[in-house]
Structure formats: C-alpha cells, structure tokens
Amino acid sequence: MALNKLTTEQQQFYEDHGYLLGLPVIFPGEEAKQLQKGYEQLISFLQDDENPSDIMGWHKTSRWLYDICTNPQILNYVEGVLGKDFYLAASEFITKSPHSDKTVPWHQDSYYWSTALNNTVTVWLAISDVDEANGAMKVIPGTHKAGIIQHKIAGDDAILSFELEQGTFSEKDAVSMVIPAGGISMHVDSLIHGSGPNTSDRWRIGFVIRYSKTMVRWDPQVYPNFQLYMMRGKDDYGYHPQGELPVEPFGRPPYTKRIRKRE
Ligand SMILES: O=C(O)CCC(=O)C(=O)O
C-alpha cells in the first residue's frame with residue numbers, strides 16, 4: 001500500500017502549533033495487539049527493582065523495537081517535519097499503572113537536552129488506548145515559539161525532575177493527545193507538555209521515539225555514549241557514531257542498579 005506523506009496543511013499546523021494529532025493509525029487492529037504482546041515480552045526482562053519506564057534505549061538491543069522505530073510510514077511523517085536528513089536519537093516507554101498518582105510535570109524536552117531548539121521531534125506511539133482518564137499527554141499549542149522557559153525542581157509524584165513554574169504558560173489552552181492503540185502523535189522538542197495521573201483501571205502505555213536532524217549534537221559531557229541510527233538522507237556533520245544493529249528479536253542492555261525517580 002502506498003505510504004502517506006504529511007500534507008502542506010499538516011506541515012503548516014506542526015510549524016504553527018508544535019504538534020500533530022489525528023494521523024491515520026500506524027498499527028491498526030491485529031497489529032496493535034501484536035504491539036502489546038511485544039511489550040509484554042520486553043517487560044518479562046525487567047528485574048525486580050525495575051519497571052516499564054526503565055525500558056530506555058532498548059531499540060539498540062531489540063530488533064523488534066528497532067523495526068518499530070524504522071517503520072517507513074512513521075519515517076515519512078518524520079521526514080515531513082524534519083526534512084530529508086535525520087537520525088533516530090532515543091526511545092523509551094512512559095507508562096502509568098492503573099490508579100497511579102504519577103504525573104509528567106509540564107516541561108520542555110529541550111530544557112533537559114540542551115539541543116538546538118526545534119530540530120528534534122518525538123513520535124508518541126500508543127501501545128494501549130490512551131485517553132484523559134488514563135493520563136494522556138497534554139500539550140500547550142504554540143509554546144515552541146517562546147524559547148526555553150526556566151524550570152524548577154519537580155514534586156515527589158512527578159516522573160521527571162524539573163517542571164515549569166505555574167503562571168509561565170496558560171494551562172487552559174492544553175490539548176489532550178487522545179490516541180487509540182497503534183496510533184501516534186508528534187511534538188517538537190520545545191513544546192510545553194505533560195500529563196496527569198491515571199484515574200482509570202487500565203494501564204497507560206506509551207512508547208516515545210525521538211528523531212533529530214543531523215545538525216543536532218547531543219552534548220558529549222551529558223551523553224558520553226550517544227549513538228545515532230541514520231534513518232534517512234546523509235550525515236554531513238558526523239557528530240555521533242552510528243550504533244550497531246540489534247541482532248536479537250527481543251533483547252535488553254546489561255542490567256545496572258541505579259537510583260530511580262520513576263514509578
Ligand atoms: O508520556 C507523557 O505523558 C509525556 C511524554 C513526554 O514527556 C515526552 O514524550 O517528551
């Protein structure tokens with residue numbers, strides 16, 4: 001089947017508002033169920049003191065995840081916002097168990113990353129159905145145009161360490177990223193976003209995939225082991241080494257004990 005490309009209207013919407021929602025579902029029906037099975041296979045590798053949010057960067061060790069990240073339809077959409085030269089930078093699961101109080105505080109990704117603004121996009125792939133009740137991500141449209149805003153230390157129930165001060169943006173403008181399992185949203189790195197608690201009986205499971213233009217350099221002091229995977233076009237910058245392709249269909253990096261803030 002022919003692959004979709006973003007329309008000029010969708011590209012303009014992303015440019016103006018900093019996100020895209022309502023794209024055709026990437027993995028419909030049975031394929032969405034397969035996503036859930038694959039996810040269960042991955043969580044079976046977790047140690048007792050780990051949780052699903054510790055599945056970070058496993059696209060390097062699990063061919064199944066790598067293949068999701070290189071899905072041609074996803075890459076077509078990414079090309080529509082980043083242009084022709086881009087790489088896969090990172091991936092992780094962001095999950096909330098039923099009735100979890102955990103929140104993702106309002107933040108801008110680029111505050112954490114210190115990368116060149118608005119050159120990295122996150123594809124948020126819903127592994128479960130995601131809606132307001134189970135803690136869908138929310139974005140504040142247009143806030144990627146205001147540059148980086150100061151963050152403060154986040155509260156105890158927050159999955160992340162820093163959050164924006166109240167009053168630095170208007171929460172009433174928030175849009176909920178309601179996505180069926182197998183569908184995606186996309187958001188640019190400096191867009192303000194976050195998510196509330198899971199008030200439902202269902203898990204909320206999201207797999208986030210980050211893609212950057214080749215001109216984006218991740219600070220080697222902060223990311224000493226950064227490896228990229230070229231997705232499309234060519235790398236004229238050579239800032240980072242290319243990672244090795246994962247061999248195992250399902251595999252994980254070596255376990256290391258560390259202090260975790262996530263649930
Ligand atoms: O999943 C969420 O609720 C937030 C996701 C997020 O912060 C991100 O993808 O950058």
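Let's start with V123. Leaving aside its neighbours within four places in sequence, V123 is in contact with I74, V78, I184, M186 and I209. Contact here means C-beta atoms, placed from the backbone, within 7 Å.

A word on the source. This is a predicted model: local features need pLDDT of at least 70, side-chain atom pairs count only at pLDDT 80 or more, and totals for chains, interfaces and linings use all residues. Residues are numbered from 1 along each chain as its sequence is written.

Now the core. The largest nonpolar core has 55 residues, and V78, V123, M186 and Y211 touch the most other members. Strand β2, residues 86-96, gives this core its largest share, 7 residues. Such a core is a set of buried Ala, Val, Leu, Ile, Met, Phe, Trp, Tyr and Cys residues joined through C-beta atoms within 7 Å. Buried means 20 or more other C-beta atoms within 10 Å of the residue's own; exposed means 12 or fewer, and partly exposed is in between, with C-beta atoms placed from the backbone.

Next, β4 itself, residues 120-126. Strands are DSSP runs of E, at least two residues, numbered from the N terminus. In β4, 7 of 7 residues are buried. Which residues point which way? T120, T122, W124 and A126 point one way, V121, V123 and L125 the other. In a regular strand the side chains alternate between the two faces of the sheet.

What pairs with β4? Strand β11 runs antiparallel to β4, joined by 7 bridges. There, A126 stands opposite G206. Strand β9, residues 184-188, also pairs with β4 in the antiparallel sense, over 5 bridges. L125 has I184 as its bridge partner in β9. Pairing requires at least two DSSP bridges between the strands.

On to the ligand. Around it sit I94, V104, D109, T122, W124, M137, H193, S195, G206 and V208. The criterion is a C-beta atom, placed from the backbone, within 6 Å of the molecule. By type, the shell holds 5 nonpolar, 4 polar and 1 charged. Ala, Val, Leu, Ile, Met, Phe, Trp, Tyr, Cys and Pro count as nonpolar, Asp, Glu, Lys and Arg as charged, the others, Gly among them, as polar. β4, β10 (193-195) and β11 (204-213) each supply at least two shell residues.

Last, G194, which lies in strand β10. Why does G194 count as buried? Because it has 21 C-beta neighbours inside 10 Å. Beyond four places in sequence, its contacts are T103, V104, P105, W106, H107 and K138.

Conventions: Helices (H or I, at least four residues) and strands (E, at least two) are DSSP runs, numbered from the N terminus. Two residues are in contact if their C-beta atoms, placed from the backbone, lie within 7 Å.
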